[in-house]
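Please consult the structure as the questions proceed.

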Amino acid sequence: MFDRFFKTRLEWRRTAVYEPVLVEGASQPDEELARQSLLKQCQAGLRVSLRREATAVDSMAVAVTVGEERVIGHLPRDVSEWVAPMLDSGVVAFDAEIWSLDRVPTNAGLEAIECRLLLTQHDMVPVARFTLTRWLFGDRRAGDPVAVPRGVRDSG
């Protein structure tokens, strides 16, 4: 009976927060050097974007970008296998932020920066909201009676 006073519309809702994910680096030494210099400019809490970037090696690859086009790495294959289809669906979005930046030793005896992301999933879901105008004036569609607010008596 009261469902006609509610208006349903699609809204983004946070549905999941995942464990921090390690961002994978580049395979080429010169690309990894550029990536490391980019990571030195980043800080924990920085929001980053996820972008589908299918490659010849991995059709489900998801790039992690800062700003417009600066790629700081890719999601691991086991994570990108379930994130990529959701990104492609259009009804799921991910909010990603840098969780931590840790200095780790490399095989060459140097130091590199390791980046972990915190992923938050948002889904497009239908949400019913009470609307005062529908409660006061009813739905003006043909055949639907006008709702009379409580306490107001019919004068006729």
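Contact here means heavy atoms within 4.5 Å, and helices (H or I, at least four residues) and strands (E, at least two) are DSSP runs, numbered from the N terminus. The model is predicted: local features need pLDDT of at least 70, side-chain atom pairs count only at pLDDT 80 or more, and totals for chains, interfaces and linings use all residues. Residues are numbered from 1 along each chain as its sequence is written, and side-chain values use heavy atoms, with hydrogens and water left out.

Reader: How far apart are the end C-alpha atoms of helix α2?

Author: Helix α2 covers residues 77-89, which is 13 residues. The expected span is 1.5 Å times one less than the number of residues, so α2 should span 18 Å. The computed distance agrees with this: 19 Å.

Reader: At which residue does α2 bend?

Author: The bend at a residue is the angle between axes fitted to the seven residues ending there and the seven starting there. In α2 this angle is about 30 degrees, and a proline, Pro-85, follows within four residues of the bend. The residue concerned is Val-83.

Reader: Which strands do the buried residues of α2 pack against?

Author: Buried means under 20% relative accessible area, exposed over 50%, and partly exposed in between (1.4 Å probe, protein chains only). In α2, the residues Val-79, Ser-80, Val-83 and Ala-84 are buried. The buried residues of the helix pack against β2 (21-22), β3 (47-52), β4 (62-66), β6 (92-105) and β7 (111-130).

Reader: Is the ring pair of Tyr-18 and Trp-82 stacked, edge-to-face or tilted, and what decides it?

Author: Rings of Phe, Tyr and Trp (its six-membered ring) pair if their centres lie within 6.5 Å; planes under 30 degrees apart count as stacked, over 60 as edge-to-face and the rest as tilted. A search of the whole structure finds two aromatic pairs. For Tyr-18 and Trp-82 the centres are 4.9 Å apart and the planes stand at 55 degrees, so the pair is tilted.

Reader: Which residue of β5 stands opposite Thr-65?

Author: Two strands pair if DSSP finds at least two bridges between them. Four bridges join β4 to strand β5 (residues 70-74), and the two run antiparallel. Opposite Thr-65 stands Val-71.
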